Structure formats: structure tokens, C-alpha cells
Amino acid sequence: MLSAEDFRRHARRSGGVDRRLFMAFVGSLTAAPLVRAADSIGSRSPLGENPFQLGVASGDPDARSVLLWTRLAPQPLKPAGGMKPEPVQVRWEIAEDDKFAKVVNKGRVTATPQLGHSIHVAADGLQPDRWYHYRFMVGDEVSPVGRTRTTPAVHVTPDRFKFAFASCQHYESGHYAAYRHMAEQDLDMVVHLGDYIYEGKAGNDGVRRHVGKEIESLDDYRIRHALYRSDPLLQAMHQQCPWMVTWDDHEFDNNCAGAISEKHGVDPVEFLIRRANSYQAYYEAMPLRRRSLPTGSDMRLYRKMSFGNLADMLVLDTRQHRSDQPNDDRGHAINDDCRSPDVTMLGQQQRQWLESSLLKSQSKWNVLAQQVMMGTVDHQKGEKQEFSMDQWAGYLHERNGLMSFLAERRVPNPVVITGDIHSNWVNDLRVDDFDAGAPVVATEFVGTSISSGGNGPKESKAMEQLQRENACVKFHDRQRGYVACELNADEWRSDYFVVDDVTKADSKVEKLATFVVTAGRPGAERT
């Protein structure tokens, strides 16, 4: 087997990273063979402490199954979660009731040290459009009881689909009052659009504190995920309903673009090894199916979820497959670099998958769940222009091509949901956002951060300027919170909720604004 030092030596001697050689090396990091080997391992002795301190979660539901998750960690903030380097057998059950009098499926699975003693159970044989309860057991220890659901059958039009989307939950910046309020809503699902963790070192002036230096090793990433998941409000929201998750940059490294660091002079070998560590820890920490199991520094995260034929949700990955940000990733006017057909946000394979999925969709609503703002927003006054090169404005050829595809192929009711920028927006999307007279193709709802950035201003003085400079902008706000969406066959409704004070876990949360999209009529209107 090729060792890490052998690989580093070869890469530095040759002056670059040989893709085939790198994959030979990271093959030794991939967890897939370890999952298969674990299936035949027998049971081990029960643990001496409560192993379920990180709670339970579910995700990636379909009409007949749902993914159930937990991770054994009696000492979550220690290496390996305080677990010994040996496999542990775990029992699981899923039932129609929270007392488990009507168990519909159960089994045993082995938690291995190679996957951080995480458990990913695809509980199948379930009925469509049904709520269930689930739990895990090790010896006499029983996990918290989680609540989850299957989706309606693909040929059925349900009366409604209600979900919330969130992003950017920097642990040091504040508490998660938004999740406390979210748990009080009658939600079918939560969609997390990235920055579930932040990779930076411990600070000195936050509401709470990270553990240790900037994270790089597999243990570092595991411990950081455990720190975030230890929050009781976040745990409680995971217990309420299934989640669909995708990452942005801070799950790995700020403003990363594919295999390229935002910093100059970073060793590409070390960078990809670090990416492999972050991807494995992300898989271990999230309710993801085995199809998302990473292979070295690669991990497929884009996928589709259908809620009957009411909505197709296409979950995108705008970090792993993108080319480097144009103009050195600094605010810049639109130029030829942004309009280059060689610059991609999605990569060829994901773009083809997205277009194929949209062509085959028979749903009333088509939702693109993704990370960075698609509205082409100029942040400067007057003739001077400045656009974010990390957003779709920096990848304008592909962005406008996607809008053209939606328009020309008449994709039914496309709606984009977005995170990343710690502020709320509602944008009308056109093929060319600079042409205010062009028809609106889709609507974008951008949700603010859960806590990142600390308390934002309750009054935004920028709104008038933004609307004057940008025909696409319908709404803007810089407070913290989340967005709840409820849709039926005729209408989409987005409620923007904001947190009064993120430094308090019991902070008041209020509705700030509501926007509605009518089926068959692109564009959002405030109610």
C-alpha cells in the first residue's frame, strides 16, 4: 500500500499531484471496504457510559425507507469519542408509535472504529407518507427517541409540504434559538444548506468557544462535529423530523473551490488529504445513505428527493466540483473571466444530472437546494460595480445557461433556496439579471444564518440602494434566523423568521416577512 509519506515525496519531486497516484493513496483512506467488512463482525461487550450523547437523526427519506443515524461517543470531545478501537454491535427499531408497541422493522448493525462508530441504517419496508419513531440500543443503554417520516408515493399529490431551511451555525457566534423555534413548527423536513460547522481555531470573544486549533486531521473534524452536535437545541431539531443536508465551504475550508485553497502556497497534497479527512467526518456526522460514502477526497452529495408529485428537491454541491473563483475571489465587476464557458460551479457530471432530472420531473414544483446566491447582485452605488466572485455572478456563463434551460424547457415552477451569506434575500431570477424587462424565470429565497456573524442590524439601510441598483432584489434583511416554506399545488409560501438576540438560547423569535409564489407565475410577492 502506498504510504502518505511516499505519496508526498513523489508529488513534490514531480512538481504536482498525479491524479491516479493520489487515488491509489486515498484508496487506503476510503471507508467502503470497512463498511462491508463490518457486516460480519460479532457483538462486543456493552459500554460503561452513555454512548448516545450526540443524539439521533434521520434523513434522505423516500416513500418506502428513511436513513437512521447515531454515533457512539461516551466522551464526545475526546479522540474517537472516548471509544475503544473495536467494533460494537448496536440494535435498532422503528415503530408506528413512540412507545414501540408497533415495531415495523428492527435489526442489528455494527459500529466500527474506522467510521468513528457512526451508524447509518436504511430502514426499509415502510409505508408511504407515514410518521414513525426510532431508537438505538447498546446493552442496557437506549438512545433518545427520534421522529421521522417517509415521503408520499411519487404518483400522489399531497395536500401540502412544509419544510424549513437553514445554514451557517457558527458555534462561537451565538446560540441556536432559531432551532428552538423551528422545533415548534409542524415541519415535514429540514434542509441544511451548509456551514454546519466552522473549521477555525478557538476564539476568545465569542458567546461560546471552539475546541483547539484550526482543524485538519480526521480527529479534529470529528471532535468539531461532536462539539456542534452537543448543542441540545440542534439535537432536538434533528429528533423532530428528517433532514436533507449539503455542505458549503466551512465543513472543509473557507472559500475552497474544488481542490484549490483560497490561500496561496498551500501544498496540494496536504490540501486533498485534509479534504479526505473532512469528507469522512462529515459522512460520519450526517444522516446520509451509503451512496454518499466518500472515496478518499471525493464524495457524491448531489441527489434528489421527491415529495410525491408535489415537489422534486434537487440538492446541489457547489463546492466540490467548481473551478477556481475568477478575479482572485475578490469583489469585482463582471468581466470576460466571469463569462467564460470554462468556468463552472457544478462540474460537467453534476450539471448533466441536474438537467436530466429537471427534464424528467413530473412535479408541480422543482426546488434547487444549493449554497451561494444565484441573483446577480451589484453591491456598489452608481456606475462602479462589485459582484461576489464566490457566488454565481462569478460563474455567469453557467448561471445564465441554467436559467435559459429552465425557460426554454419550461421546467414547472422552479424555486431556488440558498444559504451562505448571513442575510435574507428574495430575488427574481431572469436569464440575464441585467435586463430588467426580461421575463422572470424563477424565484430565489435566500436564508440568513442561524448564528454566524452574531446579531445583525434590525434595520437595513441598504435595501433602497440594492433595489435601485438591482432589478432582481425584492427583499433584503441582515438579522439571524431561518425560513419556513409551505407549498401546495397552487401556491408556495415562505415565512422569514428572525432571532431577537443570538447570544441567548431562549431569545424571542418573530416572523419578519412572508412572500408568496403562485404556481405558473414566476416571481415572489410580499403579503
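Which side-chain oxygen reaches to within 2.8 Å of the backbone nitrogen of Val269 at the start of α7? The oxygen belongs to Asp267. The model is a predicted one, in which local features need pLDDT of at least 70, side-chain atom pairs count only at pLDDT 80 or more, and totals for chains, interfaces and linings use all residues. Residues are numbered from 1 along each chain as its sequence is written, and side-chain values use heavy atoms, with hydrogens and water left out.

Helices (H or I, at least four residues) and strands (E, at least two) are DSSP runs, numbered from the N terminus. Helix α7 covers residues 268–285. The expected span of a helix is 1.5 Å times one less than its number of residues. For the 18 residues of α7 this gives 26 Å, and the end C-alpha atoms are 26 Å apart, which agrees. Of these 18 residues, 16 are buried, so α7 is largely enclosed by the rest of the structure. Buried here means under 20% relative accessible area, exposed over 50%, and partly exposed in between (1.4 Å probe, protein chains only).

An open sheet has 7 strands in the order β12-β13-β14-β15-β17-β16-β18, with mixed pairing. Its edge strands, each pairing on one side only, are β12 (303–307) and β18 (473–477). From one strand to the next the twist averages 15°. Two strands pair if DSSP finds at least two bridges between them. Strand β16 (residues 424–429) is joined to β18 by 4 bridges, and the two run antiparallel. Asn424 has Asp477 in β18 as its bridge partner. Helix α8 (residues 348–360) packs on the sheet, where it touches β12, β13 (311–315) and β14 (365–369), and its direction makes about 180° with that of β13. Axes are lines fitted to C-alpha atoms, for helices over the stretch in contact, and angles run from 0 to 180 degrees between N-to-C directions. Contact means heavy atoms within 4.5 Å.

Helix α9 (residues 396–408) has 13 residues and reaches 18 Å from its first C-alpha to its last, close to the 18 Å expected. Its buried residues include Leu396, Leu402, Met403, Phe405 and Leu406, and also Glu398 and Arg399. Among the elements covering the buried residues of α9 are α8, β14, β15 (414–418), β16 and β17 (442–446). Just after α9, Arg410 takes a positive phi of about 55°.

Ser173 lies in the loop between β9 (161–166) and α4 (177–182). Its side chain makes a polar contact with the side chain of His170 at 3.1 Å. A polar contact is a pair of N or O atoms within 3.5 Å; within protein, one must be able to donate a hydrogen and the other to accept it, and residues adjacent in sequence count only if both atoms are side-chain atoms. Leaving aside neighbours within four places in sequence, Ser173 is in contact with Val207, Ser451, Ser452, Gly453, Gly454 and Val502. Pro79, in the loop between β2 (66–71) and β3 (88–95), is exposed, with a relative accessible area of 51%.

The cysteines come last. A disulfide is a pair of cysteine sulfur atoms within 2.5 Å, and the count by this rule is 0. The sulfur of Cys256 is 13 Å from the closest cysteine sulfur, in Cys168, too far for a bond. Cys256 is buried, with a relative accessible area of 4%.
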